[in-house]
Amino acid sequence: MPTLQATFYGHTYDNPFMNASGVHCMTTTELDALADSAAGSFVTKSATAEAREGNPEPRYVNVDLGSINSMGLPNLGLDYYLDDAIKRQASHPDQPFVMSVASYQGFNEYVANMRKIQESDYTGLVELNLSCPNVPGKPQMAYDFEDTDKLLTEIFAFYTKPFGVKLPPYFDIMHFDKIAAVLNQFDLKFVNCINSIGNGLYIDEATDTVVIKPKGGFGGIGGEYVKPTALANVRALKQRLNPSIEIIGTGGILTGRDAYEHLLCGASMLQVGTQLEKEGLGVFERLTAELLAILEAKGYASIAEFKGMLGTLD
Ligand code: RRO
């Protein structure tokens, strides 16, 4: 029987599956359920300094091939997630998880949020979300290479705990080169590729209208639509980043085969967003069973035997 064990930043998880931030991770109750599920680990909803209601509803809609959302960073505030993280870390030191942190106001809030975590008792992994596509009037940090460089420089001047960044999808080889050059200057533990494809538009055939209210219907796209873009970003960043920076693969994981492809591209952990929203926590049992069946059929004993080993035609 092969093993799905996944080693990520010094800990071995039963399997590489996690939720993607934003799905099933707003409250401590939802986080408890994730911790008790078949997922190998989990991540919390991206926190801002203050609690936020988010954008008006409807703001998330499942569609045939995926989802569209403009949630607008609804969350219970950094203190809520930080207090919970500290308690969770103390009560379950053998079950590491990831705390996601974002910013609504921009640069200074990112720094202030990281300073608060630095000064806290939480010592676990943080995912710095540089790619929220849904704050009206605010661009995504990670599409501004200079600002991303400045922000990470400022954070690394005081932050001593392990963290990584959540990136948006990039669509040009030069942009893969540029973001990798920025990130390689820093002792990041991981990058997570990808956040939703920002500012898509879905139209309801019956009514000729958009399906979500904020921003005139524009929202982040997830699910089946985004897998090729996600795989390209995992692969491109794996090829360019320092080997010490691990990759979390997120985007379009509906089946064990999708998970297998992310691993082939070099991902160490895998996050499931839209499909978790559609299917509920049972998705993790299904995905682990499907991925295990693929390893068995191919004669692999572990993920390490094929991770990053995507074939090419030259
Ligand atoms: O809350 C959101 O609107 C949201 C966030 Br912070 C994000 O990172 N990605 C996304 O698709 N939605």
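Student: Where does Gln118 sit in this predicted model?

Tutor: Gln118 belongs to helix α3, which covers residues 107–118.

Student: What makes Gln118 count as buried or exposed?

Tutor: Its relative accessibility is 19%. Buried means under 20%, so Gln118 counts as buried.

Student: How do you know that the side chain of Gln118 makes a polar contact with Thr160?

Tutor: The side chain of Gln118 reaches the backbone nitrogen of Thr160 at 2.8 Å.

Student: Which residues is Gln118 in contact with, leaving aside its neighbours within four places in sequence?

Tutor: Those are Phe158, Tyr159, Thr160 and Lys161.

Student: Now the sheet. What is the order of its 7 strands?

Tutor: The order is β3-β15-β14-β9-β8-β7-β6, in an open sheet with parallel pairing.

Student: Why are β3 and β6 said to stand at the edges?

Tutor: β3 (17–19) and β6 (98–101) each have a single partner strand, so one side of each is left without a neighbour in the sheet. On average, neighbouring strands here are turned by 25 degrees against each other, direction ignored.

Student: How do you know that β6 and β7 pair?

Tutor: Pairing needs at least two bridges, and 4 bridges join β6 to β7 (residues 125–129), so the two strands pair, running parallel. As one example, Val101 has Leu128 in β7 as its bridge partner.

Student: Which strands does helix α7 touch?

Tutor: Helix α7 (residues 256–264) packs on the sheet and touches β3, β14 (246–250) and β15 (269–272). The direction of α7 makes about 140 degrees with that of β15.

Definitions and conventions
Residues are numbered from 1 along each chain as its sequence is written. This is a predicted model: local features need pLDDT of at least 70, side-chain atom pairs count only at pLDDT 80 or more; totals for chains, interfaces and linings use all residues. Side-chain values use heavy atoms; hydrogens and water are left out. Buried means under 20% relative accessible area, exposed over 50%, partly exposed in between (1.4 Å probe, protein chains only). A polar contact is a pair of N or O atoms within 3.5 Å; within protein, one must be able to donate a hydrogen and the other to accept it, and residues adjacent in sequence count only if both atoms are side-chain atoms. Contact means heavy atoms within 4.5 Å. Axes are lines fitted to C-alpha atoms, for helices over the stretch in contact, and angles run from 0 to 180 degrees between N-to-C directions.
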